[in-house]
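Subject: Structure handover

Hello,

Here is the structure I promised to pass on. Please open it first, then read the notes below.

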Amino acid sequence: MKLAAVVVLAAAAAAVSAETNAQRMARGLPPKAPIRRHGTSTDSAKKGSPSSTGGGQCNTGPIQCCSTVGACGSHSDIDNLISLLGLSVPVGTQVGANCSPLSVVGTGSGAQCSGQTVCCEQNNWNGLINIGCLPLNLNA
């Protein structure tokens, strides 16, 4: 009889410790503190890096010259192109269209770009569209 009571008590304790914060709050209890599984937040945070490493290169590939740069969801030409390609791009993401890489010789004060110079994360469509673009000022 005592063994059965201990087993029931242990099962109840295990069930209470496995409950979610939603279940706790439904019972009028405060939520449990978050469990930190990997070091402190500053230890595991991604470190920033410059968008251009010099020499005509971004961290993601060559510096691009795009004829059109705009945010997805607010630029009809870019939105139409994304739709035609069947891509899923989050609203607000900077996208470049009709892009070509600038040569190493073409960087600096003599850069020849009639559009916007950018570094883009995804250059997978041969310049037709580049996703995740950040504008660059090569004359600075």
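Contact here means heavy atoms within 4.5 Å. Please keep in mind that this is a predicted model.

Helix H4

I began with helix H4, which spans residues 76-85. Which residues of H4 are buried? They are Ile 78, Leu 81 and Ile 82. Seen down the helix axis, these buried residues fall within an arc of 100°, so they line one face of H4. What covers them includes strand S4 (64-71), strand S5 (94-101) and S7. The face turned away from the buried side carries exposed residues: Ser 76, Ser 83 and Leu 84. Just after H4 comes Gly 86, with a positive phi of about 70°.

Disulfides

How many disulfides does a search of the whole structure find? It finds 3. A disulfide is a covalent bond between the sulfur atoms of two cysteines.

Take Cys 65 and Cys 113. Their sulfur atoms are 1.9 Å apart, and they form a disulfide. The torsion about the S-S bond of Cys 65 and Cys 113 is about 90°, so this disulfide is right-handed. Cys 65 lies in strand S4, while Cys 113 sits in the loop between S5 and strand S6 (116-122), so the pair ties together parts that are 48 residues apart in sequence. Is each end buried or partly exposed? Cys 65 has a relative accessible area of 11%, so it is buried. Cys 113 is at 21% relative accessibility, so it counts as partly exposed.

Now Cys 66 and Cys 99. A disulfide joins them, S to S 1.9 Å. The pair links distant parts of the chain: Cys 66 is in strand S4 and Cys 99 in strand S5, 33 residues apart. The torsion about the S-S bond of Cys 66 and Cys 99 is about 105°, so this disulfide is right-handed. Both Cys 66 and Cys 99 are buried.

Then Cys 120 and Cys 133. A disulfide joins these two, S to S 2.1 Å. Cys 120 lies in strand S6 and Cys 133 in strand S7, so the pair ties together parts that are 13 residues apart in sequence. The torsion about the S-S bond of Cys 120 and Cys 133 is about 100°, so this disulfide is right-handed too. Cys 120, at 1% relative accessibility, counts as buried. Cys 133 is buried as well, with a relative accessible area of 2%.

Another cysteine to look at is Cys 72. Its relative accessible area is 8%, so it is buried.

Strand S7

What does Cys 133 touch, beyond residues up to four places away in sequence? Its contacts are Gln 94, Val 95, Gly 96, Val 118, Cys 119 and Cys 120.

At 1% relative accessibility, Asn 130 counts as buried. Its side chain makes a polar contact of 3.4 Å with the side chain of Gln 64. Leaving out residues up to four places away in sequence, Asn 130 touches Gln 64, Gln 94, Val 95, Gly 96, Cys 99, Cys 120, Gln 122 and Asn 123.

Best wishes

Technical notes. Residues numbered from 1 in each chain as written. Predicted model: local features only at pLDDT ≥ 70, side-chain atom pairs only at ≥ 80, totals over all residues. Heavy atoms only, no water. Buried < 20%, exposed > 50% of the residue type's maximum accessible area, 1.4 Å probe, protein only. Polar contact = N/O pair within 3.5 Å; in protein donor to acceptor, adjacent residues only side chain to side chain. Helix = DSSP H or I, 4+ residues; strand = E, 2+ residues; numbered from the N terminus. Arc of directions from axis to C-beta. Disulfide = S-S within 2.5 Å.
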